[in-house]
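Work through the exercises below with the structure in view, and try each task before reading its solution.

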Amino acid sequence: MQNQTSGFEVKAEQRQSWQSIALVWAGSMICVPCLMIGGVLTSGGLSIPQIVASILIGYGIICAYMIFIGMQACDTGLPVSVMAEGALGKQGARYVISTILAIACIGWFGIQSATCGSAFAAMIATMTGQAAPSSALTIGCTIVWGVIMLVTACAGFKGLKWLNYIAVPLLVIVCIYGIAAAVIAHNGGEVIATYAPTVSAGMVFGISMVVASFALGGVISADYCRHAKSRGDVIKSSIIGVIPAGLFMLLTGALMSIITGLYDISGILANLGVPLLGLLALVLATWTTNVTNAYSGGLALSNLLGFDETKFKITTGIAGAIGTLLAAFGLLNAFQGFLSLMSGLIPPLAGVIIAHYWIVGRGKKENFRLGGKLSAAGLISFIAGAVIACITGGTFANFPALIAAVPFLDTPFFVGPVNGIIVALVLYVILAKIIPQKD
């Protein structure tokens with residue numbers, strides 16, 4: 001890497017153990033959306049063996065590109081929004097990639113804050129004998145939890161580490177209690193034993209849902225793996241942090257859905273007469289996941305605005321505040337279709353980053369450099385991969401008017417984000433040889 005610095009490099013004394021990074025990933029996996037995806041897999045008619053296979057293959061795909069991204073981050077000490085500069089040039093990384101990453105992370109922070117706030121308000125209403133929470137209570141709870149999560153994110157990696165040390169074991173215990181209570185209350189053992197769906201959406205459907213659930217997380221893995229001490233630690237933290245927790249949560253959600261028809265553990269526990277435990281589960285699950293959104297959003301916003309990491313807390317505060325306000329005042333209802341588009345656009349970034357560092361640069365730190373105004377090869381490859389990901393992944397199905405005008409924009413094939421990564425990677429390797437990067 002060239003001698004110039006970006007202001008984002010992680011120093012030797014800032015490196016963390018692989019167990020700390022693995023706990024951050026486990027905390028990200030242990031969340032309500034993962035339970036929901038498990039429920040979606042059962043609604044698609046997948047058998048339990050198909051569900052398990054879909055989870056293992058889906059997270060295996062994510063871990064594969066996550067590890068390559070993470071090892072490069074470990075080598076360079078850079079977050080993904082800056083690391084992208086090697087493949088897309090300074091302007092491409094700053095104005096295109098950082099903008100997309102900032103919008104996606106801010107939006108998902110808002111969605112998670114809204115989920116937590118509305119559930120917290122509903123639980124308070126239940127415990128106080130109200131039929132339903134008032135809009136003022138819901139807004140207030142959303143703002144309060146948005147601020148709490150934001151403060152944790154501003155503490156940086158150490159804040160995430162200590163939050164997960166506390167939250168992850170508690171969440172596992174609560175989930176185990178929830179599934180056991182559901183089995184006892186609903187004769188769940190017999191229901192599971194006799195579960196035999198007649199029509200299945202197939203393994204491709206299952207794998208696609210699993211990959212989509214953590215496609216963004218796999219790309220922003222650089223923001224956390226840059227704290228790893230070695231490439232080996234990246235591999236261990238990624239596999240051990242993602243796959244066991246992901247399998248546990250999605251399978252828990254699937255079994256809950258089979259037994260009760262519900263996938264929200266807080267709702268199940270509330271129905272069993274323990275709403276406080278359900279509230280604890282939901283809040284901790286949302287909290288540990290959401291701080292990663294604000295943290296990565298703040299890093300991307302810093303790069304977009306031309307700041308170094310010394311301004312990280314300011315930009316994280318801005319990112320979280322925007323997300324919280326969007327959540328509190330209901331603007332996210334019109335924003336979620338756009339966030340779906342962001343989820344389709346981001347994974348192909350992994351393709352160009354991996355191609356630039358591991359194929360063109362042969363995986364050597366000395367061959368990686370920052371600088372260069374713009375890389376046409378990188379931008380063309382990224383855009384082509386993003387378009388393919390959106391077309392084959394069903395992203396444009398969220399825009400019915402667009403599909404009505406141009407039907408081929410919704411052409412499902414295999415796993416959209418994976419298709420996008422492969423196209424972007426192969427195209428970059430070809431174009432990098434014939435289109436020089438501008439200095």
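**Exercise 1. Describe the second largest cavity by its volume, its lining and the classes of its residues.**

Solution. The second largest cavity has a volume of about 30 Å³, where a volume is the space filled by probe spheres set on grid points that are joined across faces, edges and corners. A cavity is here a set of points, on a 1 Å grid over the protein atoms alone, where a 1.4 Å probe fits but cannot get out, whereas a pocket is an open set with protein on both sides within 12 Å along at least five of seven lines; lining residues have an atom within 4 Å of a point. The model is predicted, so that local features need pLDDT of at least 70 and side-chain atom pairs count only at pLDDT 80 or more, while totals for chains, interfaces and linings use all residues. Residues are numbered from 1 along each chain as its sequence is written, and side-chain values use heavy atoms, with hydrogens and water left out.

Next, find the lining, which is made up of Ile97, Ile100, Leu101, Leu345, Ile346, Leu349 and Phe382. The largest share of it, three residues, comes from α5; helices (H or I, at least four residues) and strands (E, at least two) are DSSP runs, numbered from the N terminus. Finally, sort by class: the lining has seven nonpolar, no polar and no charged residues, with Ala, Val, Leu, Ile, Met, Phe, Trp, Tyr, Cys and Pro counted as nonpolar, Asp, Glu, Lys and Arg as charged, and the others, Gly among them, as polar.

**Exercise 2. Find how many cavities of 30 Å³ or more the whole structure holds, and describe the largest cavity.**

Solution. The largest share, three residues, is supplied by α13, and by class the lining has eleven nonpolar, no polar and no charged residues.

**Exercise 3. Describe the largest pocket, from its volume to the residues around it.**

Solution. Begin with the volume of the largest pocket, which is about 1,400 Å³. Of the 47 residues that line the largest pocket, Ile37, Trp108, Ala212, Ser213 and Ser343 lie nearest its centre. The largest share of this lining, ten residues, comes from α9, and the classes are 27 nonpolar, 19 polar and one charged.
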